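I opened my notebook to go through this one from the start. Here is what I looked up, entry by entry.

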Amino acid sequence: VQKIDPEVIPNCQHGVPAFVRTVLKEGPTKGKQYCVCGLSSEKCSFFQWVGAPNCEHELPCTRQVVKKEGKNQGRNFWCCNQIDKCKTFRWIKDGE
């Protein structure tokens, strides 16, 4: 498991450093690290993969999955959290 530089750990929506966790469940993301809400008593929806790329505004992107029926259904992609303000979009390569 990769050691994370404390200076690159993002703040959650409460403004406190997020907790870094590692996926333990068997599957394609096993061993990947992610960040969640930094308050153990108050959970929020904050989630970010460690190593996620930044959008054109230097904000961390989130990993999303295509839900719409069609040839790309189930495919993963990166996009900005502020999808109504930012047009950053990138398909995720296998193993990323």
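Is Trp 49 buried or exposed? I found Trp 49 at 9% relative accessibility, so Trp 49 counts as buried. My cut-offs: buried is under 20% relative accessible area, exposed is over 50%, and partly exposed lies in between, with a 1.4 Å probe and protein chains only.

Ground rules next. I am working with a predicted model, where local features need pLDDT of at least 70, side-chain atom pairs count only at pLDDT 80 or more, and totals for chains, interfaces and linings use all residues. Residues are numbered from 1 along each chain as its sequence is written, and side-chain values use heavy atoms, with hydrogens and water left out.

**Overall make-up.** I looked up the secondary structure and got zero helices and six strands. For this, helices (H or I, at least four residues) and strands (E, at least two) are DSSP runs, numbered from the N terminus. I also noted that buried residues make up 27% of the 96 in the protein.

**Aromatic rings.** I found six aromatic pairs in the structure. Rings of Phe, Tyr and Trp (its six-membered ring) pair if their centres lie within 6.5 Å; planes under 30 degrees apart are stacked, over 60 edge-to-face, and the rest tilted. Phe 47 and Trp 49 make an edge-to-face pair, because their ring centres are 5.2 Å apart and their planes stand at 90°. Phe 47 is partly exposed, at 36% relative accessibility. I then checked Phe 89 and Trp 91: their centres are 5.0 Å apart and their planes at 85°, so this pair is edge-to-face. Phe 89 is partly exposed at 44%, and Trp 91 is partly exposed at 28%.

**The largest pocket.** I got a volume of about 210 Å³ for the largest pocket. A pocket here is an open set of points on a 1 Å grid where a 1.4 Å probe fits, with protein on both sides within 12 Å along at least five of seven lines; lining residues have an atom within 4 Å of a point. Of the 14 lining residues, the closest to the centre are Gln 13, Phe 46, Phe 47, Thr 62 and Asn 81. The elements that give two or more residues to this lining are β3 (47-49) and β4 (61-65).

Note on methods:
Grid points are joined across faces, edges and corners, and a volume is the space filled by probe spheres set on the points.
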